[in-house]
Amino acid sequence: MNVPAASSAATSPLPMTESLERSATMPLPAREQLETLVADILAEARAQGASAAEAAVSFGSALSVAVRLGEVETLEHHRRRGLAVTVYFGQSRGSASTADWRQAAIRDTVASACAIARHTAADPYAGLADPERLAREIPDLDLYHPWALSAEEAIELARECEAAALAMDPRIRNSEGGGVATHAGFGLYGNSHGFCGGYPTTRHSLSCSVIAQDNGEMQRNHWYSVARDRVGLEAPIAVGQKAAQRSLRRLGSRRLGTRQVPVLFAPELARGLIGHFIAAIRGGALYRKASFLLDRLGTPVFPEFVAIRERPHLLGALASAPFDSEGVATADRHLVEGGVLQGYVLDSYSARRLGMTTTGNAGGTHNLIVEPSGPFGHEALLQQLDTGLWVTELLGHGVDTVTGDYSRGASGFWVEKGEIQFPVHEITIAGNLKEMFTGIRALGSDVDKRGGIHCGSLLLERMTVAGE
């Protein structure tokens, strides 16, 4: 279940000492409090006549700071909490949510869900996850590392990050700011099958975006670092310097004439291509017949060297989870092996629609690992590219997962004989995802782990580049 959460935020462009002291992240509620809350929701659902019910509660506290040219632009402290309940009257379903945890609000919220269910047509595929699929053991995945960061400290880190970028080169003329954010939360889910489980998580980040200017041309770029544990973050100086370097290398950009060439996607963009693949094998797209990969289970969709694994229990990873949002246990599995599609991405509802079994992916996938096709770092991949386009930024959303058609604005670098020649911008790259996936030539070992898809650079055989 996804829990809508109410939030309150305090923003101060020029914070005073008193407001700074109030801006540290707040402690999480006790697990017992959340368990009692879920039990009360489920008991109320039974009392109001529901044959089955599920409930989720969440609480989160966050601190974020944005600094521009050394001055504090925003200082925000967020507190979010919410609860959601879904009730079933047979196979008629109703849902409601609130941010009010008082007993009277719980009764009203459950009553709203019951009223919806009583006036909703029965859906033969609706219902809780099958009891035998629910998690029985919930391992500690090392996802909670709170950061006792004061607002003053956050401001100084953001300033340090931005200052490092501005000091890199006199051509760094302006800034869109440096930022620091820290979040801690606790989510707990329970249902009338007797399942009740939850765990705390944290997420911390540093970011910087600056503008390079030379001969009347301006180019912007950014960099960021994110981790569950603050010790896993890159140093503020390193984040700022990378943002500056990425902006500087964009100076002197040109356009290209229309052509068909090999294309190398940077790691942070390559994971987006894998994301389009996942969208095409999600249960919702499949049972609606809205996917270019319909009926491809057990058939090749990538070259033989491509392997994609789901690893939900990686310690400290950003997308790790012991169970999904229905309480179904997560487990390692192969989505693609030898280029062949081994499984879909299903929750209980879509699995029933397809006559299959849930894969533990209600709420999304958990740490997709795209295995490198060899020890191919960035330089080795440029050599394999030989002459073509290295894409480092994408614009727009021209992707149709029904047909597979792909067309997006892009910028990057033109490469000849494995050597970067000049930056390019104001171009469009186009192809079809089905042919793009089968046309993968190499997967790099320069893996980017800043998200739920761990992927290195991705080299495609050919795409159409449209420019001048």
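## Strands, burial and backbone in a predicted chain

V336 is buried, with a relative accessible area of 0%. Buried means under 20% relative accessible area, exposed means over 50%, and partly exposed lies in between (1.4 Å probe, protein chains only).

This is a predicted model: local features need pLDDT of at least 70, side-chain atom pairs count only at pLDDT 80 or more, and totals for chains, interfaces and linings use all residues. Residues are numbered from 1 along each chain as its sequence is written, and side-chain values use heavy atoms, with hydrogens and water left out.

**Around V336**

V336 sits in strand β10 (residues 333-337). Strands (E, at least two residues) and helices (H or I, at least four) are DSSP runs, numbered from the N terminus. Which residues touch V336, leaving aside its neighbours within four places in sequence? They are F277, F302, V306, A307, I308 and Q342. Contact here means heavy atoms within 4.5 Å. D295 is 41 residues from V336 in sequence, and their C-alpha atoms are 15 Å apart in space.

Strand β10 belongs to an open sheet of 5 strands. The order is β11-β10-β9-β12-β17, and the pairing is mixed. The edge strands are β11 (340-341) and β17 (453-454), each pairing on one side only. Two strands pair if DSSP finds at least two bridges between them. Within this sheet, β9 (residues 308-310) and β12 (residues 368-370) pair in the antiparallel sense over 3 bridges. There, E310 stands opposite L368 in β12.

Strands of a sheet pair through backbone hydrogen bonds, either parallel or antiparallel. Strand β18 (residues 458-466) runs antiparallel to β8 (residues 259-265), and 6 bridges join them. Strand β18 also runs antiparallel to β15 (residues 419-432), with 3 bridges. A further 3 bridges join β18 to β16 (residues 440-443), again antiparallel.

Strand β8 pairs with β13 too, in the parallel sense over 3 bridges. Strand β13 (residues 388-395) has 6 of its 8 residues buried, so it is largely enclosed by the rest of the structure. On to β14 (residues 405-416): 7 bridges join this strand to β13, and the two run antiparallel.

The table gives one residue pair for each of these pairings.

| Strands | Bridges and sense | Residue pair |
|---|---|---|
| β8 and β18 | 6 bridges, antiparallel | F265 and L458 |
| β15 and β18 | 3 bridges, antiparallel | A430 and T464 |
| β16 and β18 | 3 bridges, antiparallel | I440 and L460 |
| β13 and β14 | 7 bridges, antiparallel | V391 and G412 |

**Positive phi angles**

Most residues other than glycine have a negative phi. Where does E426 lie? E426 is found in strand β15. E426 has a positive phi of about 55° although it is not a glycine. E426 is exposed, with a relative accessible area of 52%.

D142 is not a glycine either, yet has a positive phi of about 60°. This residue lies in the loop between α3 and α4 (151-166). At 35% relative accessibility, D142 counts as partly exposed.

**A loop residue, D100**

D100 is in the loop between β4 (92-98) and α3 (103-118). Leaving aside its neighbours within four places in sequence, D100 is in contact with L83 and A105. D140 is 40 residues from D100 along the chain, and their C-alpha atoms are separated by 29 Å.

**The chain as a whole**

The chain has 10 helices and 18 strands. Its radius of gyration is 24 Å, close to the 23 Å that the globule rule gives for 468 residues, so the chain is as compact as a globular protein of that length. The radius is taken over C-alpha atoms, and the rule is 2.2 Å times the number of residues to the power 0.38. Along the principal axes, the C-alpha atoms fill a box of roughly 70 × 60 × 35 Å.

How much of the chain is buried? Buried residues make up 52% of the 468 residues. Among contacts between residues at least 6 apart in sequence, 73% join residues at least 24 apart. The chain exposes about 20,000 Å², and carbon and sulfur atoms supply 50% of it. Accessible areas come from the Shrake-Rupley method with a 1.4 Å probe; for residues, only the protein chains shown count as cover.
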